[in-house]
Amino acid sequence: MYSQDMVDSINRLEETRKKRIKQDFTLLTSEEKYNLLNQFHPDYKKGTLRELRIGPNKGERVINEIANLFEAYSQIDPNNFDFSEIDHEVDVLVIGGGGAGASAALISQENGANVLLATKLRFGDSNTIMAQGGIQAADKQNDSPPRHYLDVIGGGGFENTPELVNVLVRDAPDAIAWLEDLGVMFDKEIDGTMITIHGGGTSRKRMHSARDYSGGEIMKTLKDEVKNRNIEVIEYSPAIELITDAGICTGAILYNLETDEYIIVRSKTTILATGGAGRLHVQDFPTSNHYGATADGLVIAYRAGNPVIFMDNIQYHPTGAAFPEQIVGLLVTEKCRGLGAQLVNNDGDRFIYELETRDAESAAIIRECVERNKGIETPTGMSGVWLDTPMIDIIHGKGTIQKKLPAMYRQYKRFDIDMSKEPLLVYPTQHFQNGGIIVNEKTETKIINLYGAGEVEGGVHGRNRLMGNSLLECIVFGRRAGKNAALKAKKTNYGKLTLQHVKRYHMELKQANISKDCKSPMLLPDYRRKETISRMIDI
Amino acid sequence: MVEAKKLIPIYITGKKYLVPNGLTIMKAMEYAGYRYIRGCGCRGGFCGGCGTVYRFKGDYKLQSGLACQTKVVENMYLVQIPFFPANKADYNLDELKPTGGTLLKLYPELARCVSCNTCTKVCPQDIEVMDYMQAALKGDIKSAADISFDCIMCGLCAARCPAEIVQYNIALLCRRLYGKYMTPKAEHVRTRAAEISEGKFDKELSNLMKSDVHLLRKLYNKRDIEPEESKR
Ligand SMILES: Cc1cc2nc3c(=O)[nH]c(=O)nc-3n(C[C@H](O)[C@H](O)[C@H](O)COP(=O)(O)OP(=O)(O)OC[C@H]3O[C@@H](n4cnc5c(N)ncnc54)[C@H](O)[C@@H]3O)c2cc1C
Ligand code: FES
């Protein structure tokens, strides 16, 4: 149900379609891209970063919203905590029930460990389950892991951690084979060949998909398998602090969201797989992320002394929904552009090649709306540009959208928009945490017996991730973490349970004059109205 | 510019609240002052955590939807069903055969389906649930997998099923059987994995890892891009 202004704009778009289908568009040169980012990408805006006053990255600049969580006190009082009753003793504790956590749990158990998986919401409520587009792996004849490497590192601004990229591209085909063996229904040709397409920044078509429920299909399968193997899972119990003993991680404190009790888990090794940070709403951007993406893992690892990397930037997905209001921020998958949908402004003109990296696409859309004033305004005052989705059916034949993008199609149909006939209005949305905690190629953190896997860890993608490499990351590094943590657990005894690191951190906070009112991790965002919150009474 | 929204009454577990027209049920609950712990996972129609049933004043018809994807309507009486106690069989996929017999053995209640079509009517994903249950009953795993593909396992079908079948768990089993056994394996994936472990790309990769930014940038800018139209 588009407004009249929007309908007029769509008419202009339809008039130029014939011309645009044949139009060639060149890639930006490195310099053009640099200038575009510098002027229009939100990360480059003044005042979005600040210097950390405490912790392992003290003196470095990170995003304000992250600094707020790092410069904050624990939710528990370390001087007054009772460790006398331990609730669970396990070889491997996995924190986080997304793709990375589930993969880690499965492989840990396969390697002989007794595993406990604790997660914040339901098992599987995660960013993984929302991924539509697909997962990369260089497994075709015309492709190779070194090629994949080059794409990853070029996309990331050449700052990626080489050892991690190496692991990502090397383990990729095996990760796909593993998923296929678990029964993930990938899109395939009749002879079994994987159907693969391009994604932004790929030089070969290496995006594997399961219709447009790629992450959902993977997550449902992994979850089913974890259940089949009787791995113990505790839901609605996020980790709120790690437990340490002199630089060694010896467990974690969980918090039962429903009963407000804490739960003590003692573990030989621990895997952090808590995912991303979209729900921090950096610079008030909408987000595509699940409800629990609040950077908890970063916070508790940082407090225990593990540094972070690349937390001075965030990935905005260029095409978040800008209309209708009910779904603002949700993702319009990149696959649409991969299949030929073009980005078009209010005059009906293209303004960027559609398969640039995400940072460049986002910056170009913001430039179009903010500087050039060629965005299309919605009735609620938001601005966006068109994603000309009907082109997909024009190029690939009628019915392609319904067949290849059923989730997208349904999402819009619910709000009376038929994306095979009408374009979609889009604007960048906060999407992916490019950076994260530092780990090595074995997924070890700087804290002994603590591992990190998935979106929580940083370095793989440099400053900009390419679509399809993060589902890959969570499977590849999740499996690695599972194996390494299980093997390490065999050689490890239970450690002492202390909160020394929290005490130390609190001292630092005090010395930096940071207010005691600041607490973290955040656990869940609060979307109640100010009016409600101001009237609340504590009984 | 921003339109003032009309407030409408809705009834959350029977209690009246005034909320702006046009919000989703999820946002309306938050507007009313609820803070979610359960019943809200992805907020985007993918996790199936927010199944909701509702009915309008004076209407016998029970309706359902996802709280994050359904708009509130005046005089809606609603309740969320954040959890449904569902039966799930334990199995080792490696030991199963992709046959109707397997389905019936693991889920004998499948045979109790009375084709009432309630499951289809209740599905927020508009999946022909009854059709895939009938396919499963006939041992047509391929169709069951195909038709059920978009299932997000919200549990609404199972909650309404008079035969106490848990449709979505059977569907998941069908998809896993189909994915594992009924399509040819992607050989090229395994070939490449073997090449990697044999060291075929070691040298090239370690050279790349050692290269400085200038060289990498040159290689990157020079790399050819597979044209959009190419078949594979
Ligand atoms: C809408 C969307 C679309 C995407 N599309 C693609 C795509 O097409 N291709 C691609 O490669 N990538 C895509 N991504 C990115 C990709 O899905 C994620 O980066 C990846 O799945 C992350 O996996 P993960 O296991 O690390 O984190 P998640 O899947 O987010 O899992 C983290 C889990 O930890 C839980 N958790 C959080 N805090 C705590 C705590 N304190 N204690 C315990 N548990 C906690 C969370 O609730 C969650 O269950 C997409 C992401 C989104 C949001
Ligand atoms: S919250 Fe995930 S489907 Fe509604």
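This is a predicted model: local features need pLDDT of at least 70, side-chain atom pairs count only at pLDDT 80 or more; totals for chains, interfaces and linings use all residues.
Buried here means under 20% relative accessible area. A:Ser237 has a relative accessibility of 2%, so this serine counts as buried. A:Ser237 sits in the loop of chain A that runs between β8 (232-234) and β9 (239-245). Leaving aside residues up to four places away in sequence, its neighbours are A:Ala118, A:Thr119, A:Lys120, A:Leu254, A:Tyr255, A:Asn256 and A:Ile263.

Next comes the contact between the two chains. On the chain B side, 81 residues are in contact with 95 residues of chain A. Putting the two together buries about 8100 Å², and carbon and sulfur atoms give 52% of that area. Polar links turn up as well: 48 residue pairs are in polar contact across the interface, both residues being at pLDDT 80 or more. Chain B brings several helices to this face, with α1 (25-32), α5 (141-147), α7 (167-182), α8 (187-197), α9 (202-210) and α10 (213-222) each supplying at least two residues.

B:Phe46 gives a close-up of where the chains meet. This phenylalanine is in the chain B loop between α1 and β3 (51-56), and at 8% relative accessibility it falls under the 20% limit and so counts as buried. Its contacts beyond four places in sequence take in A:Ile129, A:Met130, A:Gln132, A:Asp212, A:Tyr213, A:Ala407 and A:Gln411 from chain A, along with B:Ile152 from chain B. Within chain B, the C-alpha atoms of B:Phe46 and B:Cys151 are 9.0 Å apart, although 105 residues separate the two along the chain.

Now for the charges. Side chains of opposite charge can pair when their charged atoms come close. Over all chains the count comes to 47 salt bridges, and 15 salt bridges are found across the interface of chain B and chain A. A:Glu225 and B:Arg176 make such a pair, with 2.6 Å between the closest N and O atoms.

Inside chain A, A:Glu71 and A:Arg53 meet in a salt bridge at 2.9 Å, N to O. This pair ties together distant parts of the chain, 18 residues apart: A:Glu71 lies in the loop between α3 (64-70) and β3 (88-95), and A:Arg53 in the loop between β1 (49-51) and β2 (61-63).

Elsewhere, salt bridges with shared partners connect A:Glu110, A:Asp224, A:Glu225, A:Arg229, B:Lys88 and B:Arg176 into one network.

A:Lys223 belongs to helix α7 (residues 214-228) of chain A. The lysine is partly exposed, with a relative accessible area of 21%. Its side chain reaches the backbone oxygen of A:Phe123 at 3.0 Å.

Positive phi values show up in non-glycine residues. A:Asp416 has a phi of about 60 degrees and lies in the loop between α13 (406-413) and β17 (424-432) of chain A. For B:Asn117, phi is near 75 degrees. This asparagine is in the chain B loop between α2 (100-106) and α3 (118-122), and is partly exposed at 26% relative accessible area.

Last, the surface. A:Ile21, A:Ile394 and A:Ile395 form a nonpolar patch there, with about 250 Å² of accessible area together. A:Ile394 is part of helix α11 (residues 390-396) and is partly exposed, at 48% relative accessible area.

Conventions. Residues are numbered from 1 along each chain as its sequence is written. Chains are lettered from A and ligands numbered from 1 in the order in which they are written. Side-chain values use heavy atoms; hydrogens and water are left out. Patches are made of residues with over 30% relative accessible area and no salt bridge: like charges are joined within 9 Å, nonpolar side chains (Val, Leu, Ile, Met, Phe, Trp, Tyr) within 5 Å. Accessible areas come from the Shrake-Rupley method with a 1.4 Å probe; for residues, only the protein chains shown count as cover. A salt bridge is a side-chain nitrogen of Lys or Arg within 4 Å of a carboxyl oxygen of Asp or Glu. Helices (H or I, at least four residues) and strands (E, at least two) are DSSP runs, numbered from the N terminus. Buried means under 20% relative accessible area, exposed over 50%, partly exposed in between (1.4 Å probe, protein chains only). Contact means heavy atoms within 4.5 Å. Buried area is the accessible area (1.4 Å probe) that two parts lose on being put together, summed over both. A polar contact is a pair of N or O atoms within 3.5 Å; within protein, one must be able to donate a hydrogen and the other to accept it, and residues adjacent in sequence count only if both atoms are side-chain atoms.
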